[in-house]
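Here is a friendly walk through one protein model.

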Amino acid sequence: MKPDTDVNALWAAVDALTEAGELRRLSGAFARFIGSVGHATPALMLACVLLSELEGRGHSCLMLDELVDDPCTLTGWSEEQWQALAAAAAPLPKNVKAWSALLSGAEQVWQAGDLSFDQPLVLDGARLYLRRYWRDETLVAGSIGARAREVRAVDTDKVREKLDILFASHRKAETPDWQKIACAIALHGSVAIITGGPGTGKTYTVARLLALLFAVAPDAGGLRIALAAPTGKAAARLKQSIDKALSELADKVGGELPLRELAARMGAARTLHSLLGARPDTRAFAHHQGNPLDVDVLIVDEASMVHLEMMASLLDALPAGAMLVLLGDKDQLASVEAGAVLGDLCQNAQAGGYDAATMAYALEASGEAIPADFAGAAGSLAQQTVMLRHSRRFGGPIGQLALAVNAGEVARAEAVLRGGDDAVRWIEHAQQHHVLQLAEEGYRPYLALLHGSGDAGDDGWAKAVLQSFEAFRLLCAVRDGEWGVTGLNAAIEQKLEAARLIRRRGEWYVGRPVMVTRNDYGTRVFNGDIGLTMADPARPDSLRVYFLEGEEVRSVLATRLRHVETAYAMTVHKSQGSEFAHTALVLPKSGGSMLARELVYTGITRASKVFTLVTPASAVLAEAIGRRTRRASGLRDMLGA
Ligand SMILES: Nc1ncnc2c1ncn2[C@@H]1O[C@H](COP(=O)(O)OP(=O)(O)OP(=O)(O)O)[C@@H](O)[C@H]1O
């Protein structure tokens, strides 16, 4: 069907906004496509433009109430820009009811019901979706909800006895002991969520949960456990921490529980892509409902990085009887792709909302009484969610700063930053040369090591260089401009060259750190992997890129890596799941909607020993802390809590 001629005014307004850089090209193209497969009214086309635009910013749907109430906040445009578009599509529906009536009457829109339909758009209550995201959200909500409602029979006496052994030697740091409660609660259902800030003991707890499962399972010998995380680095860290925790536990209680057997049986942790059987050239995974994963227990770390589509694929591939345990920090930045799944699933984590049955069960199975402050009736998923609240790594000023930022307390955050402690510094009125100086100091040690005696034929030496590089990292809020990743990487290269720390001979040179930007199954390098360029010990004229995979070093010929970028500076998004002794976070002069509290919190919590904040003007910090990243999604509603 041909589009109506009265959409031409809208296309002109859309094109003008696109030229002004306020709309991505895809959004106009998407709306035109929808207009080509059915009757194209200006209001419908406008909704499609917005839906696509918001998808690019991580939202899974367009909330009609937000569109009616405050379109400028929704789109991030000025009143003038919004009016230009709205006037071109006029008359627009005045309220949600009128929008719903208009959309549900369009032949391209399907009104939510069962899962089989052909329309590209779905209207579910007051939310307009792209078909794919509606399906994913429905699947995630359905599967998680069903798992949360499935209460498992637990021998509470036995569990309590084993928990007392597993937690005997630890010093209880908080009352109640949420770690112990988390283990008991996880056993009670087919899904559990353990959330908490850095160093609150999520991995420590899950190692004990595995030991507990092993101790109480009727057929421990046949228990199939899988460990996974969104990135290779996070997977390696998970495996390392669990191995460490289990071996410490085995030293303490090894005689009483079969922990060495458990540790020996646990395979490597894998990326979610590899666990699900990603294949080149297709989005479909080898594992799905028809060919489920061969697991009884699946532990997924860094779950805040798991986007909606991946979570849907994971749940689709998980066999019905299996237990899923999600670990992550709900306050961290959400995934780059659409969705904020962990945040949505953890909507009640802070308050608890435990019902009487859960309170009674937790007391019986763990011996810990959940305080009345956390009582409520928050729905079945809340009963399977535990938030760990005491950080063991983060007592000092870095932890205080993270807490203040997370709570939105600007004055307290500024006071910590100005407190004069060596662990937290603030370059408040920075110019680019301050950042370059910081980078030179931070990267000098690994470059000195690299140019000293030793060669990459010696794995121990290559590993030491890679570990030295991990001691410092510059994180940016944005990609472009003087204060963004691309501008800073170029400037840092020049600075290091002027300081004779690197010698560039074209794109590749000894010492160049790179980040992989696309999965490559041929060379087995994956999006987000970071490597360092060193001379090939076998052929001194060629260069190889060395990657640290857990304890192992592996290398790939530099010329075989096609999708990489220089990585002295990287985005906060890409740094998730990593930790650096000294982390420097650079905020731009103005970052728009990107610059938000979750981003600053995630940047700070990447630092284990020293954190430096770099701002061109101090007001930028308050601006960032004051802005929350909110992603539209229907998951909370669909979960019904
Ligand atoms: N109850 C406890 N008793 C003694 N030590 C603990 C306890 N809980 C955690 N720890 C220790 O605190 C440190 C941080 O714990 P862990 O690595 O499990 O935290 P995490 O929440 O997984 O952190 P991250 O989010 O950074 O991965 C570890 O060294 C761990 O051994």
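## The nonpolar core

Please bear in mind that this is a predicted model. Its largest nonpolar core holds 214 residues. Within that core, the residues with the most contacts are A211, V325, L401 and V586. In soluble globular proteins, nonpolar side chains tend to be buried together.

Apart from its neighbours within four places in sequence, V325 touches A186, A192, I194, V206, L209 and I299.

V300 has L326 as its bridge partner in β11.

## A pair of helices

L401, one of the core residues with the most contacts, also takes part in a helix contact. Helix α19 (residues 397–406) packs against helix α25 (residues 597–604) at an angle of about 170°, and their axes are 9 Å apart. An angle over 145 degrees counts as roughly antiparallel, so that is how α19 and α25 are arranged relative to each other.

From α19, the contact takes in I398, L401, A402, V405 and N406; from α25, it takes in R597, V600, Y601 and I604. By type, the residues of this contact are seven nonpolar, one polar and one charged.

## Two hairpins

Strands β8 (residues 278–279) and β9 (residues 282–285) form an antiparallel pair with two bridges. R279 sits opposite T282 in β9. Two residues lie between the strands of this hairpin, and D281 has a positive phi near 70°.

How much of strand β17 (residues 543–549) is buried? Five of its seven residues are, so β17 is largely enclosed by the rest of the structure. β17 pairs in the antiparallel sense with β16 (residues 530–535) over five bridges, and L532 has Y546 as its bridge partner in β17. β17 also pairs with β18 (residues 552–557), again antiparallel, over six bridges. There, E549 is partnered by E552 in β18. The hairpin of β17 and β18 has two residues between its strands, and G550 adopts a positive phi near 65°.

Methods:
Residues numbered from 1 in each chain as written. Predicted model: local features only at pLDDT ≥ 70, side-chain atom pairs only at ≥ 80, totals over all residues. Core = buried A, V, L, I, M, F, W, Y, C linked by C-beta atoms within 7 Å. Buried ≥ 20, exposed ≤ 12 C-beta atoms within 10 Å, placed from the backbone. Contact = placed C-beta atoms within 7 Å. Pairing = 2+ DSSP bridges. Helix = DSSP H or I, 4+ residues; strand = E, 2+ residues; numbered from the N terminus. Axes fitted to C-alpha atoms, helices over the stretch in contact; angles between N-to-C directions. Parallel < 35°, antiparallel > 145°, perpendicular 65-115°, else oblique. Nonpolar A, V, L, I, M, F, W, Y, C, P; charged D, E, K, R; others polar.
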